[in-house]
Amino acid sequence: MKIRAVLLALLVSAGFYVMVQTIKETTFQPTEWLYADQDGTPYSSISFRQPGIHEQPSVTWKVDQVDEVNRLLHFLQAYEFERVDPDTLQLFDDQPLFTIDLHDDSGNRMTILIEEGILIQNDQLYYEVVNGPLQVDWLMEFIISNKP
């Protein structure tokens, strides 16, 4: 009888641990670690890529102003993201996407696919907006204000 009670207690505690871990993983905010430094964001520049229209080449430009990087990150912090398996996403079809890339000095990159509401961290980790869609009006104003 005591062995059953111990096994039951272990089973319940293991189930609780798995539940807590699952909750932590599914509500992970990829932007939480962006402000881990007290000195500011690790990102130093933003690259914009506007897809070409009617077989014209895409237009790309870069902004190195940290204030603009922080403004974009502040906007992203209003959203919750859920990690998704990239194999389940059907993103890369024939349509070119408008993208914003954040770069840091060590070569790390976070890509924002505006039309899809997806963040891609270092081409490996994919996150989808949970409480979206993204405010496209704000993003378009941000892009236009940073266009050369």
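Tutor: Two strands pair if DSSP finds at least two bridges between them, and helices (H or I, at least four residues) and strands (E, at least two) are DSSP runs, numbered from the N terminus. This is a predicted model, in which local features need pLDDT of at least 70 and side-chain atom pairs count only at pLDDT 80 or more, while totals for chains, interfaces and linings use all residues. Residues are numbered from 1 along each chain as its sequence is written, and side-chain values use heavy atoms, with hydrogens and water left out.

Student: In what order do the elements of the protein run from the N terminus on?

Tutor: The protein holds 3 helices and 7 strands. Read from the N terminus on, these elements follow the order α-β-β-α-β-β-β-β-β-α.

Student: Which residue in β7 is the bridge partner of Val84?

Tutor: Strand β3 covers residues 81-84, and with strand β7 (residues 125-129) it forms an antiparallel pair over 4 bridges. Within this pair, Val84 has as its bridge partner in β7 the residue Tyr126.

Student: Which residue takes a positive phi in the hairpin of β6 and β7?

Tutor: Strand β6 (residues 118-121) and β7 run antiparallel and are joined by 4 bridges, with Gln121 standing opposite Leu125. The hairpin has 3 residues between the strands, and the one with a positive phi, near 55°, is Asn122.

Student: Is Glu82 buried or exposed, or does it lie in between?

Tutor: Buried means under 20% relative accessible area, exposed over 50%, and partly exposed in between (1.4 Å probe, protein chains only). Glu82, which is in strand β3, has a relative accessibility of 33%, so this residue counts as partly exposed.

Student: What is the relative accessible area of Ile3?

Tutor: Ile3 is found in helix α1 (residues 2-26). This residue counts as exposed because its relative accessible area is 64%.

Student: What share of the residues in the protein is buried?

Tutor: The protein has 148 residues. Of these, the buried ones make up 34%.
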